[in-house]
Every structure is written in structure tokens, then in C-alpha cells.
Amino acid sequence: MRIITIEDLKDIYIKFHQRKLPFLLSKLNFNSYKRTQSAFNEQKIQSSNFWIIPAVKKRCNKLITGSEEIIYEEYLRKIISGKRKR
């Protein structure tokens, strides 16, 4: 069983060129919440993740909420908070 593969090294190389060293260093954090936050930080990235493309965001909103204008994250938060109150 290999711990690190050639594909892992390729991913590291690509992410380094897309998102630079701070992103890679953020993955060394022991706090899983902080690692996840760095992966979805839209303010610090301009590319590399398909879900930040405006057309993809609109399609996700439409498929989940029924409207392109309603942001699906907010829609899901309302649903989850409504279920917690019961």
C-alpha cells in the first residue's frame, strides 16, 4: 500500500500553480474546519473550482431551489434551521 502516489504529487503541483503556497500550507492545519474553509474560500481564488463559475452557480440554484436568483446555501440553511426547531 502506497501512502503517496504520483497522482498526489500531480495534484500538489497543480494546486501550487493555481492557488500558491498559502493554500497548500493551509492543508497542514490540524483543525478540519479550517482546512475545509480554505478549500471553499472564494475571495482568495479566481479559478480552479468549477462551482465558482456564475453559470454553474445559477444552475445549482435552479436545480435545488427552483429559481436561479435564490442562493442555494441560504435556502438550505432555512430548511435545516426549520427542522431543528421541531
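Reader: Let's start with a side chain. Is Ile79 buried, partly exposed or exposed?

Author: This is a predicted model, so keep that in mind throughout. For burial, look at relative accessible area: under 20% is buried, over 50% is exposed, and partly exposed is in between. Ile79 has 35%, so Ile79 is partly exposed. You'll find Ile79 in helix α4.

Reader: Which nonpolar patch on the surface does Ile79 belong to?

Author: Here the idea is to look for nonpolar side chains that group together while still being accessible. In this case Leu63, Ile64, Ile70, Tyr75, Leu76, Ile79 and Ile80 form the patch, and together they have about 580 Å² of accessible area. Two elements, α3 and α4 (72-84), each give two or more residues to the patch.

Reader: And which element gives the most to it?

Author: That's α4, with 4 residues.

Reader: Now Thr65. Where does Thr65 sit, and how do I read its burial?

Author: Find the element, then check the accessible area against the cut-off. Thr65 is in helix α3, which covers residues 54-65. Its relative accessibility is 16%, so Thr65 counts as buried.

Reader: How about a loop residue, say Lys27: what does Lys27 touch?

Author: With loops, ask which elements they join and what they meet. Lys27 is in the loop between α1 (6-26) and α2 (32-39). Not counting residues up to four places away, Lys27 touches Arg35, Ser38 and Ala39. Lys27 and Ala39 are 12 residues apart in sequence, with their C-alpha atoms 8.7 Å apart. Lys27 has 31% relative accessibility, so Lys27 counts as partly exposed.

Reader: Zooming out, how many helices and strands does the protein chain have?

Author: It has 4 helices and 0 strands, in the pattern α-α-α-α along the sequence. Of its 86 residues, 15% count as buried. The chain exposes about 7,700 Å², with 61% of that supplied by carbon and sulfur atoms.

Key. Residues numbered from 1 in each chain as written. Predicted model: local features only at pLDDT ≥ 70, side-chain atom pairs only at ≥ 80, totals over all residues. Heavy atoms only, no water. Buried < 20%, exposed > 50% of the residue type's maximum accessible area, 1.4 Å probe, protein only. Patch = residues over 30% accessible without salt bridge, like charges linked within 9 Å, V, L, I, M, F, W, Y side chains within 5 Å. Areas by Shrake-Rupley, 256 points an atom, 1.4 Å probe, with all protein chains shown as cover. Salt bridge = Lys/Arg side-chain N within 4 Å of Asp/Glu carboxyl O. Contact = heavy atoms within 4.5 Å.
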